[in-house]
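Visitor: Please show me how to read this one, feature by feature.

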Amino acid sequence: MYKYYIEFSKIGNIKYISHLDMQRLFKRAFKSCGIPIEYSQGYNPHPKMGFAQPLSLGYTASKEYIEFETTEKINALFALDTLRNAMPQGIELLKMAPLEELINEFKINPQKSLAASVVSAVYSVFLPIPFRFRHEDVEKLVSNYLAQPEIMAKKREKKTKKIVDKNIKNQIRSIKVVSSKSQHFSNNEESILSRNQSKDADSLSRNQSKDVDSLSRNQSKDIDSLSRNQSKDTDSLLSRDSYESVDENRKSFTEPENSIVLLMELDSGSTSNLSPEQVISSFTEFSGLYLPREDIEVNRDYMTFSN
């Protein structure tokens, strides 16, 4: 039995697939790529894999984790390259390594799963704030919001399905007004853009080289014809899927006018768990910012683990 983990991001339109769909996605990817996943024993065996925390539908994420077990030792770098080719657009596999490395990095109890070790999560909440509000105004609203003796939010109970008021003050670790949205692109977004630009530059160089070779072999050809061919090559390059991929990823981060980013650290995990939705609804109600929920975007930046 060998344990590994994958660090990945989730951006673009794939944010609209559910946690169960993500489980199926990785299960099928492991199978199609020939990764020898360990299965549980019993009548209905399941692959031994699990996410550090489920990600809510409609949320993007910069640094997610999935841990899994294999029946034999594998080459993590080779397996990572193979799995990358099996991932749909929007799922970027950032790293794969033995689980022991992650345990040592965050000083996690090796007897616990990643899911049982998560204690908090940091979210970037992008709010399309009206123009009449300045950055300082929002900071004051956040300060007054956190200064309340109790912060009440509505929550639906799992068993009764009734909506009840709950005090969430102790589950909010911090909220900061950090920046405008355009300044808060995740490193993963920038790296994807950089990689695609690099690929396109290499492709352009190859196309130009081909044109030069063609000119040498066919000196009798008209210079104007060569120019037209180069123009076609450039047009073809600019319409490549890589550019479409970048545009598609940018769609999920289209900046509302005068947007403000709230950086929230909230309780997360099996012991105490607070959804950003409860904070968003209670904060907007408290501040009088009645913003359409569909205009508010949420990205999970990273998670913290207990020792």
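**Reading pockets, helices and charges**

Guide: Strand S6 (152–156) and helix H9 each supply at least two residues of the lining of the second largest pocket. Helices (H or I, at least four residues) and strands (E, at least two) are DSSP runs, numbered from the N terminus. This is a predicted model, where local features need pLDDT of at least 70 and side-chain atom pairs pLDDT 80 or more, while totals for chains, interfaces and linings use all residues. Residues are numbered from 1 along each chain as its sequence is written, and side-chain values use heavy atoms, leaving out hydrogens and water.

Visitor: Which element gives the most to the lining of the second largest pocket?

Guide: H9 does, with three residues. On a 1 Å grid over the protein atoms alone, a pocket is an open set of points with protein on both sides within 12 Å along at least five of seven lines, a cavity is a set where a 1.4 Å probe fits but cannot get out, and lining residues have an atom within 4 Å of a point. Here 17 residues line the pocket, and Ser56, Lys158, Asn273, Leu274 and Ser275 lie nearest its centre.

Visitor: Which residues line the largest cavity?

Guide: Phe8, Lys10, His19, Met22, Phe51, Gln53, Pro54, Leu55 and Glu64 do. Strand S1 (2–10) and helix H1 (19–32) are the elements giving two or more residues to that lining.

Visitor: How do I describe two packed helices?

Guide: Use the angle between their axes and the distance between the axes. In this model, H5 (residues 135–146) and H9 (residues 276–287) pack at about 110 degrees, with axes 10 Å apart. Axes are lines fitted to C-alpha atoms over the stretch in contact, and angles run from 0 to 180 degrees between N-to-C directions. That makes H5 roughly perpendicular to H9 (65 to 115 degrees). Leu141, Val142, Asn144 and Tyr145 in H5 meet Val279, Ser282, Phe283, Phe286 and Ser287 in H9, with contact taken as heavy atoms within 4.5 Å.

Visitor: How many salt bridges does the whole structure hold?

Guide: Side chains of opposite charge can pair when their charged atoms come close. A search finds seven salt bridges, each a side-chain nitrogen of Lys or Arg within 4 Å of a carboxyl oxygen of Asp or Glu. Asp81 and Arg84 form one of them, at 3.6 Å, N to O. These two are three residues apart in helix H2 (residues 76–86), so about one helical turn separates Asp81 from Arg84.

Definitions and conventions:
Parallel < 35°, antiparallel > 145°, perpendicular 65-115°, else oblique.
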